[in-house]
Amino acid sequence: MYDRKTWVVLAICGGLLALNFHYASKNQRAVAEARAREEALQKTKPAIEPTSKESSAGLIVTPPPPPAEEELVTLSNDKVSFVFTNIGGGIKTAVFQNEFEVGSKTSKVEINRFHIGGIGTLAGAGEILENMIFSKIDTESVEGKKIVYSATLPSGIIAKKIYSLNESNEAGAPYLIDLELRFENPTGSAVNLGQWSLFLGEASPLYHAEVPQQTGYFWRDNDTIHFTDGSSFKGGWFSSAKSIVGSPTNTPIQFAGVTNQFFATVVQPKETALTSMWARSSQVTLPSDARPVTSVNGGLRLPALQLNAASSASLGYRIFIGPKHNPMLRKMDGVFGEGWGDVMQYGWFWWVSRPLNWLLNSFHHLIDNVSPKWAWGLAIILLTITVRTAIWPLHAKSTHTMKRMAKLQPEMAKLKEKYGDDPNKLNTEMMGLYRKFGINPLGGCLPMLIQIPIFFGFYRMLQYAVELRGQGFLWVDDLSQPDTVWHFAGIPLNLLPIVMAVTSFLQIQMTPKTGDKMQQRIIMLMPFMFFFFCYNFASALALYWTTQNIFSIGQTWLMNKVPEPELKPVKGAGKSWVQRMAERQAEMQKQRNGMRNVTPDSQKKRTPRTGG
């Protein structure tokens, strides 16, 4: 019979094999889907030559001659400037009017700054961008409002792109571009539009210290968003490196895009169709640092529509290039389609992050008229106090329970000395002691367990709070960055995390001591663990944690003024279910030990046989 270690090793090996099989089959399925897509396109791919005659449908098949060099045109509003290029007929860059690079008050944030291709450029076979020269049709364009491009593709198909600013008064409208994509087929063969995709642009970190996992690609289908960060291209233990990845084929994609920590580019079909998206990565170098970072770019495939000879087709898209501002994105839901709030990437703790972000913005609106310079920092403090006040009853109950448990420590020490060699019996007696005095041993841990989702929800909310970019508080210049006040030998000195660690240590010192010495040492190390964990994070997070510590110190001080709880046995306290189960377990263990202790001396001796 195998021992416990052998079974553990076998279980781990089995789990590793299962994961290997899962990822291997997943890769094979992706390859098979790509092959099937290529075969389907080959069946309808025409072997044609361009023609310049007018078809029976009255299509304009001869676009104006293209210019000899790149021409840039800008459509602007008070929020963003969209710079269009005739190379590929797309959006070369988008420059925000009121968002600046980290540490700068003059250099504005620029989206798609590495110019792999224009947003809205068509990509053909192999997801290669068709960066041909498009002609700007001046007679159809409207200065400052609409740009119309046209070109004949290598396949002979004429593509026309009509870009228009969204001039509505709805939330998020300044960051939207409406795109009408028209195809005209003057050839004698049918063409499948699914052989092309619409380029989504590229996303890369704004600064080198930005967490790499915040840059990636995403798509939304069936009311569920799927996000993958740039590290997925590198592969891992159970998957190989991939040059291109994407969504499953024939998916009803509602929108797709690429994103970094604070800004996203989203392409939304105005009519949901079965399609897919692709993404790939590259290494780029930021102007402020020579070390390479991962950039992610992608494309949304056009629906597999059959464009017959001498016919035309039109597809509508909505392009969003803007900040991941939660209140704005939530207001866009229902006006410009559904699911815009999912772009925030709050993950599992969205149910905590969303109301916290709403409260943060509400407090900011209240304080902004009084102290606009420090409004966001004060809003974080006020939000922290609100949350801590809401869980005050739980904190008070926890402190009361911990004080009573501290008074039980002498009795617990006696039990450990008496039953130190019998863990099952020790556990049974400890449960009985708790039951006798009416103490719930989990009562002291409950507030801590509740704070875990609040902490992670707060962390995710502050991590993507574009509202905090460039906002100062006290000595902090930017709440979205570490509050570095000085550098020593190349090491940044961040003051708020130090204050956070000190206040955490003071809070633990004031908390009633429970558990053995080893547990108490581990608890005392927690402030230092959080110090290193949060040292280079946004100063807004350290401000929240410091405020929480100071509030908890005040709570503990007030609780210490309350008379000490009396430790009296509870009348009618019988054995709990846990205690009965522990006793039964101990009894079964004793019986098994008794069976193992049967020795040959206790068995009947047999008379030795002798030869005759």
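## Contacts along the chain

Residues 24 or more positions apart account for 66% of the contacts in this chain with a separation of 6 or more. A contact means heavy atoms within 4.5 Å. The model is predicted: local features need pLDDT of at least 70, side-chain atom pairs count only at pLDDT 80 or more, and totals for chains, interfaces and linings use all residues. Residues are numbered from 1 along each chain as its sequence is written, and side-chain values use heavy atoms, with hydrogens and water left out.

## Overall make-up

The chain has 612 residues, and 45% of them are buried. Buried means under 20% relative accessible area, exposed means over 50%, and partly exposed lies in between (1.4 Å probe, protein chains only). The secondary structure comes to twelve helices and 23 strands. These are DSSP runs, numbered from the N terminus: helices are H or I with at least four residues, strands are E with at least two.

The accessible surface is about 32,400 Å². Carbon and sulfur atoms hold 59% of that area.

## Confidence

The average pLDDT, the predictor's confidence in each residue from 0 to 100, is 79 for the chain. A score of at least 70 is reached by 74% of the residues. Over residues 20-61 the pLDDT is below 50, and the model gives this stretch 43 contacts beyond near neighbours in sequence.

Residues 1-10 also stay under 50. They have two contacts beyond four places in sequence. Where pLDDT is low, the predicted coordinates should not be read in detail.

Helix α4 covers residues 375-390. Its 16 residues reach 22 Å from first C-alpha to last, close to the 22 Å expected at 1.5 Å a residue. Its buried residues include Trp-376, Ile-380, Leu-383 and Val-387.

Trp-351 sits in helix α3, residues 350-368. Trp-351 counts as partly exposed because its relative accessibility is 49%. Trp-351 and Pro-453 are 102 residues apart in sequence, yet 9.5 Å apart in space, C-alpha to C-alpha.

## A nonpolar surface patch

Nonpolar residues form a patch on the surface, among them Trp-374, Trp-475, Phe-488 and Val-499. Together the patch residues have about 820 Å² of accessible area. Two elements give two or more residues each: β22 (484-488) and α9 (495-510). The largest share, three residues, comes from β22.

Val-499 is found in helix α9. Val-499 counts as partly exposed because its relative accessibility is 30%.

Methods:
Expected span 1.5 Å × (residues − 1). Patch = residues over 30% accessible without salt bridge, like charges linked within 9 Å, V, L, I, M, F, W, Y side chains within 5 Å. Areas by Shrake-Rupley, 256 points an atom, 1.4 Å probe, with all protein chains shown as cover. Salt bridge = Lys/Arg side-chain N within 4 Å of Asp/Glu carboxyl O.
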